[in-house]
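The entries follow the order in which I looked.

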Amino acid sequence: MEQHELKRDLKNRHVQLIAIGGTIGTGLFLGSGKAISLAGPSIIIGYLIVGIALFFVMRALGELLLSKGGYASFTEFATEYLGDWAGYVTGWTYWFCWIMTAMADIIAVGMYTQYWFDIPQWVPAIACLVVLLILNLLTVKLFGELEFWFALIKIITIVALIAIGIVLLIIGFETDAGKVAVSNLWEHGGFFPNGAFGFLMAFQMVVFAFVGVELVGVAAAETENPQKNIPSAINKIPIRILLFYVGALFVILTINPWDTLSATSSPFVQVFALVGIPIAAGLINFVVLTSAASAGNSGMFSTSRMLFSLSKGKQAPKSFGKLNKNAVPQNGLLFSAIIVSIGALLSYLMPDDAFSIVTTISAICFIWVWSIILISHIIYKKRHPDLHAKSIFKAPLTPFVNYVVLAFFVFLLIIMAISEATRTSLMLTPLWFIMLFVLYAFRKK
């Protein structure tokens with residue numbers, strides 16, 4: 001029998017771990033290698049700055065989601081506060097964001113697999129995509145369980161890395177690169193070895209590391225007791241940023257100098273190999289592979305739910321609004337999987353550049369989505385001061401902080417325009433928005 005509504009089968013432990021999984025992914029495990037090569041030890045500050053900005057975005061998202069009962073995702077309040085065009089463009093852009101992210105994740109799976117097997121990147125990429133599609137077609141509860149265990153593996157790994165790093169620091173462990181010491185943060189060209197320019201050029205990969213932080217908002221429609229679970233998950237984000245990003249990178253950069261790390265492989269794997277524990281290095285490679293699979297899993301979930309939401313709002317084909325007997329938007333999942341498979345084609349055609357291209361496009365599109373959340377919150381507060389006054393989860397320092405974070409996002413786009421590595425992707429991305437506005441205009445006619 002055909003279902004018409006999504007099931008609220010995600011429990012508090014699922015939501016908490018989805019929130020963690022959304023803040024730890026391929027951008028940290030793989031992308032941090034590229035970011036470190038650009039910024040050196042100062043990358044720690046970069047992760048801290050972007051993390052603080054996105055915490056305020058998440059607080060605005062949380063207040064909006066809980067302001068009125070029944071919001072399934074942020075496209076609905078974007079439509080209410082900015083107009084039908086905003087819901088249409090933001091919904092499809094968020095779908096596109098996660099398509100790009102899922103492409104990056106399956107490409108990363110292919111790259112990690114080459115640690116053990118000399119096979120083309122696209123083969124494990126396609127295999128991963130097929131497995132994730134099958135699992136997502138079953139139930140939302142299974143998605144929640146998968147993310148719970150995937151995220152748990154990430155947490156244990158990073159906590160273990162930090163614990164081992166602290167022990168190595170205390171005993172002054174010697175590696176092939178020298179002594180493990182806090183002084184490694186400034187003794188190899190300084191804390192900003194490539195100057196302010198290098199520091200700023202790393203922000204694209206830092207932004208990509210945080211994509212998915214808003215996944216809690218997409219999961220709202222399938223969350224048991226959102227009034228309790230959503231605030232709890234959002235409020236723990238700062239602790240997670242300090243532990244998982246700042247803590248992990250601090251340890252990595254004290255164990256070995258920044259200039260000994262490769263920009264194209266995971267610094268997490270390199271650290272354990274450098275310390276002389278080859279089995280542990282292989283184990284960490286498995287962990288970062290599961291992390292990429294986890295992020296790809298989130299991509300499959302979020303793209304299908306966004307197509308479902310767009311269909312319900314009559315902004316996407318009606319077929320995407322149909323659920324199978326397990327209350328899963330099957331048509332949206334299949335469509336998204338077909339598009340994500342292009343990532344495997346990219347990894348075949350341009351194995352060296354595919355990851356960088358899709359991560360840049362993804363970061364730019366996520367900046368749009370986060371900006372829409374902040375702007376919607378500004379309008380919400382002006383239009384409904386009564387709702388804001390009685391909110392159980394008020395966003396702090398608004399609307400001032402909204403404008404500050406929006407200005408920061410503009411600054412990030414300027415940096416991407418200056419950087420040769422990201423300029424082409426930045427110039428291509430507006431084509432997506434032009435196409436959407438043209439399609440929207442035809443749709444209105």
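**Entry 1, ground rules.** I am working with a predicted model, where local features need pLDDT of at least 70, side-chain atom pairs count only at pLDDT 80 or more, and totals for chains, interfaces and linings use all residues. Residues are numbered from 1 along each chain as its sequence is written, and side-chain values use heavy atoms, with hydrogens and water left out.

How many aromatic pairs does the structure hold? I noted 21 aromatic pairs. The rule takes rings of Phe, Tyr and Trp (its six-membered ring) with centres within 6.5 Å; planes under 30 degrees apart are stacked, over 60 edge-to-face, and the rest tilted.

I looked up Y88 with Y440 and found a tilted pair, 5.5 Å centre to centre with 45° between the planes. The two residues are 352 residues apart and link distant parts of the chain: Y88 lies in helix 6 (residues 84-113), Y440 in helix 21 (residues 420-444). Helices here are DSSP runs (H or I, at least four residues), numbered from the N terminus. Y88 is buried at 6% relative accessible area, and Y440 is buried at 13%. Buried means under 20% relative accessible area, exposed over 50%, and partly exposed in between (1.4 Å probe, protein chains only).

The ring centres of Y94 and F366 lie 5.8 Å apart with the planes at 85°, so I logged the pair as edge-to-face. This pair also links distant parts of the chain, with Y94 in helix 6 and F366 in helix 18 (residues 354-383), 272 residues apart. Y94 is buried at 0% relative accessibility, and F366 is buried with a relative accessible area of 0%. Y94 and F366 belong to one aromatic cluster together with W98, F191, F192, F199, F203, W370, F408 and F409.

Which ring does the charged end of R59 sit over? I found the ring of F393, with the charged end 4.1 Å from the ring centre. The rule asks for NZ of Lys or CZ of Arg within 6 Å of the ring centre and within 35 degrees of the ring normal.

A disulfide is a pair of cysteine sulfur atoms within 2.5 Å. My count of disulfides came to zero. C97 is in no disulfide, and its nearest cysteine sulfur is that of C365, 4.6 Å away.
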